[in-house]
Amino acid sequence: MKDKIIYAISDSLGETAESVARATASQYDKEPIEIIRVPYIVSEQQIDEVLEDAKVGGHVICHTIVSISLRNYLHTKAKEYGVQAVDIMGPVLNAVGTIADTEPRMTAGMVHKLDQEYFKKVEAIEFAVKYDDGKNPSGFAKADIVILGVSRTSKTPLSMYLAYKKIKAANLPLVPEVPLPEELFKIPPKKIVGLIIDPYKLNNIRSERLRAIGLEDEANYASVERINQELEYAKAIMRRLHCQVLDVSNKSIEETSSFVMQLIDRNRAMDNKQ
């Protein structure tokens, strides 16, 4: 029996074209159909080579070529060669174009770029969870930023917000009675941000937190005296570390994260110059 081949070609990886080809071939399970993926089509010469092979063997081509010029060339030449070439993406692009308000990018590999961005976000979220609240100081060296502050200065929400921006953030609560991890002093000061807050605002936040969990808001945790003690300790540590300090008293998470992202961008720009 003569071998039957579907050439799945693309100007990107060609995974979509190959998946469609395999799904189609599976419907003809009584005879073997080979799938040959030909990725990264960037020239008319490459198209000619595939068409010549397809013509000689009487095979079929399916494609997800985004480039309009290459797509038109393929279909024009396929007719000349007498080869069937099925455009997988073109008809869908045209249909969506009738309802979309913008023009398509017509850029190859967009799905994979989006996938990469998605996985970066997932990785950053997993990082934030793993290195939250000082649970594992070994993550400080791998973090894009390390966030310090006393309890209830929004370290964890900030870390998670940054994670959704694909930034790996670790955070550490500063408590006078708890020794600082050695790892904190082994990372560059530019990778550290210290959060401070107005003591009376923090008093309100902590009191609300205690009430929410059914405890008396007169507890030492929420007292202004204790809060001032913690804040003075935190400021001393931040001075010792020579890190950036940000007052979050009247800032939203979005505003704080914007500051942190600008700091990270500056750090990356400086690193690239070195």
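Predicted model: local features only at pLDDT ≥ 70, side-chain atom pairs only at ≥ 80, totals over all residues.
**Entry 1: aromatic rings.** I began by looking for ring pairs and found a count of 1 aromatic pair, taking ring centres within 6.5 Å as the rule. The partners are F127 and Y131, and I noted 4.5 Å centre to centre with 50° between the planes, a tilted arrangement. A pair of aromatic rings is described by the distance of the centres and the angle of the planes. I then looked up how accessible the two partners are, and found F127 buried and Y131 buried too.

**Entry 2: a charge over a ring.** Next I asked myself which ring the charged end of R206 sits over. It is the ring of Y221, with the charged end 4.5 Å from the ring centre.

**Entry 3: helix α9.** I moved on to α9, which covers residues 253-273 and has 21 residues. From its first C-alpha to its last I noted 30 Å, close to the 30 Å expected at 1.5 Å a residue. Which residues of α9 are buried? My list reads T256, S257, V260, L263, I264 and N267. Looking down the axis of α9, I saw that these buried residues fall within an arc of 120°, so they line one face of the helix. On the other side of α9 I found N272 and K273 exposed. I also wanted to know what covers the buried residues of α9, and the cover includes the strands β5 (145-149), β7 (192-196) and β8 (244-247), along with helix α6 (155-163).

**Entry 4: Y233.** I picked out Y233, which lies in helix α8 (residues 224-241). Leaving aside neighbours within four places in sequence, I listed the contacts of Y233 as L174, V175, P176, V178 and L180. I also checked Y233 against V129: the two are 104 residues apart in sequence and 26 Å apart in space, C-alpha to C-alpha.

**Entry 5: positive phi.** Last, I turned to the backbone. Most residues other than glycine have a negative phi. Y40 is not a glycine, yet I read a positive phi of about 55° for it. I placed Y40 in the loop between β2 (33-38) and α2 (44-57). Is Y40 buried or partly exposed? At 47% relative accessibility, Y40 counts as partly exposed.

S154 was my other stop: its phi is near 70°, a positive value in a residue other than glycine. With a relative accessible area of 34%, S154 is partly exposed.

Key. Residues numbered from 1 in each chain as written. Heavy atoms only, no water. Phe/Tyr/Trp six-rings, centres within 6.5 Å; stacked < 30°, edge-to-face > 60°. Buried < 20%, exposed > 50% of the residue type's maximum accessible area, 1.4 Å probe, protein only. Lys NZ or Arg CZ within 6 Å of the ring centre and 35° of its normal. Helix = DSSP H or I, 4+ residues; strand = E, 2+ residues; numbered from the N terminus. Expected span 1.5 Å × (residues − 1). Arc of directions from axis to C-beta. Contact = heavy atoms within 4.5 Å.
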